[in-house]
Structure formats: C-alpha cells, structure tokens
Amino acid sequence: FIIPEFQEFSKDIELIYWKCKENTNGTVRDFSAIYNKYVASYIPQLKRMNPNYWGVSIVTIDGQRYSIGDVNIPFTIQSCSKPLSYGIALDLLGNDVVHQYVGQEPSGRNFNELILDHNKKPHNPMINAGAIIICSLLKTMYSPEMSSAEKFDFTMNFFERLAGREDIGFNNAVFLSERECADRNYALGFYMREHKCFPENSKFRECMDFYFQCCSLEVNCDLVAVMAATLANGGICPLSEEKVLKPESVRDVLSLMHSCGMYDYSGQFAFKVGLPAKSGVSGAMLVVVPNVMGMCLYSPALDSLGNSCRGVQFCEELVDKFNFHRYDNL
Ligand code: GLN
C-alpha cells in the first residue's frame, strides 16, 4: 500500500477535519442574518448554499478510501472543471495546439478579470478566459461535426470516466442562472473574439453555453476525490483501472494547477502547501498529492479571494502534519 498505516492516517485526517470544522470564517454566525454573505452570491442557487457543510474525501492511487462529513451533498463542479477540461483538450488535441490559444502564466489577477497576456491570449486555462477558450477548442477543433448535445454527452462521459464511471449529474437551474448572470463572462468572450482568440469556425454562443454547462455538472465530494486520484495516478483511475488521460497531459494539468489553481492565492498556496489544487466558487477544492492520493475538500464558506476557508486551512494543517509539500525533504 502507498499509505501503509491507513487506519492511523485516517485518524489524523479526522482530527484535522474537526479542527477545521471550528473555522467559521467566511460565514456569518447569526443565521437570522443573511448567512450567505460570504458564500458565492453571483447566482441565487449558490447563494442558498449552507456555509456549514464540510466534507473531506480521500482516495489513494491504490484505491484506499476515507471520507468524513458532508461527502454526499450534491454541488456544481464550477471551476474544478477547468483542470479536467484542460486535460481532455490536451489529450485530444495535443499540447502544441492547445497552447497556441492559451498561455501558462499566472495572471496575478482575479479569475474573471478582463485581461489578456502580452500575446493577446488568456494567461492560463485555470481562469475563466482560458477555460472558455479550452471549451471552444473542445467544441470546435475536436470532431466539429458533433452537435452541441453530442459534445456535451461526450465530455460528460470523459468526466465520468475520470470519476471511475460514477454517474455525474447536471444542474439545469445553475446552468440557466450561469447563462443569465454572465455579463462578465460574455464581456470576456467578446473581448477575446475581438482579439481572435477563438479557433476558426467557432460559434460564439455555443462555446459560451458549453463553458456554462461544464460549470454546472453536479458532483459530490466523494466523486471529485476519485477524479483527483486519477490525476494523482498519471491519468489511470485507481478504482476502474481505466487509462483515461495520458500521463503527459496529466503532468501539464498538475503544473498549471500548482501555479494557477487557487485564484489570486495561487502563489501563496504553492509556497505554503506546495500541492497542485483547484478551487471553485461552490466551495470545492480538488487537491492532488502526486503519486499518492487525490482529495476533495468541500465547504461553501469562501474567503475574500474566493477559496474555501476550511479547504485552505485543511491543506495547511495537512502539510504541517505530513511531508506532502512538494519540496519537503523526504
Ligand atoms: N461559473 C463560474 C463563472 O464562470 C465559475 C467560476 C469559478 O468557480 N471560479 O464565473
């Protein structure tokens, strides 16, 4: 086993879990007040999320599992889809093609900032601009003859294989809200269209819709942990043993998660925690300990940068206790 004393390990994880549970940052304690002040609030469906949910799921690369807390509550995957669709695009189109359209540099700005790099490309695939372009590549450059419905099914199937063939849902209310409340994403899209960022022949509305659909996939903590474990295992799902992504695609995904996955906290997170991770506005964090395990941390209370308060604390406590930081001396 990759983690021989798994029982012991799980007990330590449980202690960290309870410690983080006490962290009520990001939430307003008085429930009679508007308790959603610090959960994502740009669409009503996310505003209603209970900030007290807290779940941790772990899946090792040899299939040992540990879960505690709210690990079966459905939530939309949001930005945690970005590394996954990036990985799929790399696998299908190759690194050369993908990086003609999107860079590899942290933007140093908010995830939805109206900004492109010096070459007038999105900075990286982990921010909205980059993820919209990745979706347009998947939509337009790989099997362009597929209809929107077919492309959605095809991509959803990829996500399900990453999760060990678990069923993934789709939250239509969130999708409709995302599309309705998407002024910034449309602004980004138009700005990028002006600068010819999209591949030739792409249909703007369809690409935007595809991006909103990817954000609106419905998952839970246990399921995302399996996806993280597939990334930890070089693209082979530890539960189904299916080879879903090529190892070279996974390497690129992890590199950019490491430098760009935690919004404008990415630099500090890479310094303090030293693990590739991606957070989303629904409060999920997909965290990878390469060649060891995948984790999902889920708690909707967000800090001012948009990362899950408990999720970030958990990672910091984790590397305090175990030598998982990439630059720990083993
Ligand atoms: N749906 C969100 C958006 O496009 C996803 C962003 C996120 O999770 N950070 O604004």
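The model is a predicted one, so local features need pLDDT of at least 70 and side-chain atom pairs count only at pLDDT 80 or more, while totals for chains, interfaces and linings use all residues. Residues are numbered from 1 along each chain as its sequence is written, and side-chain values use heavy atoms, with hydrogens and water left out.

M227 also turns up in the largest nonpolar core, where V98, M227, L231 and L286 have the most contacts inside the 80-residue set. A nonpolar core is a set of buried Ala, Val, Leu, Ile, Met, Phe, Trp, Tyr and Cys residues joined through side-chain atoms within 4.5 Å; buried is under 20% relative accessible area, exposed over 50%, and partly exposed in between (1.4 Å probe, protein chains only). Helix α10 (residues 221–232) puts in the most, at 10 residues. Helices (H or I, at least four residues) and strands (E, at least two) are DSSP runs, numbered from the N terminus. Another core, of 32 residues, lies apart from the largest one and includes I3, V292, M295 and V312.

Next comes strand β7 (residues 284–289), with six of its six residues buried. A284, L286 and V288 point one way, and M285, V287 and V289 the other. Two strands pair if DSSP finds at least two bridges between them. β7 runs antiparallel to β6 (residues 277–279) through three bridges, with S279 partnered by M285. Strand β8 (residues 293–298) is also antiparallel to β7, over six bridges, and V289 sits opposite M293. Both hairpins have a positive phi: near 105 degrees at G283 between β6 and β7, and near 65 degrees at N291 between β7 and β8.

Polar side-chain atoms lie 2.7 Å from a ligand oxygen for Y211, 2.9 Å for N185 and 3.1 Å for N128. The ligand alone exposes 300 Å², of which the protein buries 96% (Shrake-Rupley, 1.4 Å probe; for residues, only the protein chains shown count as cover).

Methods: A polar contact is a pair of N or O atoms within 3.5 Å; within protein, one must be able to donate a hydrogen and the other to accept it, and residues adjacent in sequence count only if both atoms are side-chain atoms.
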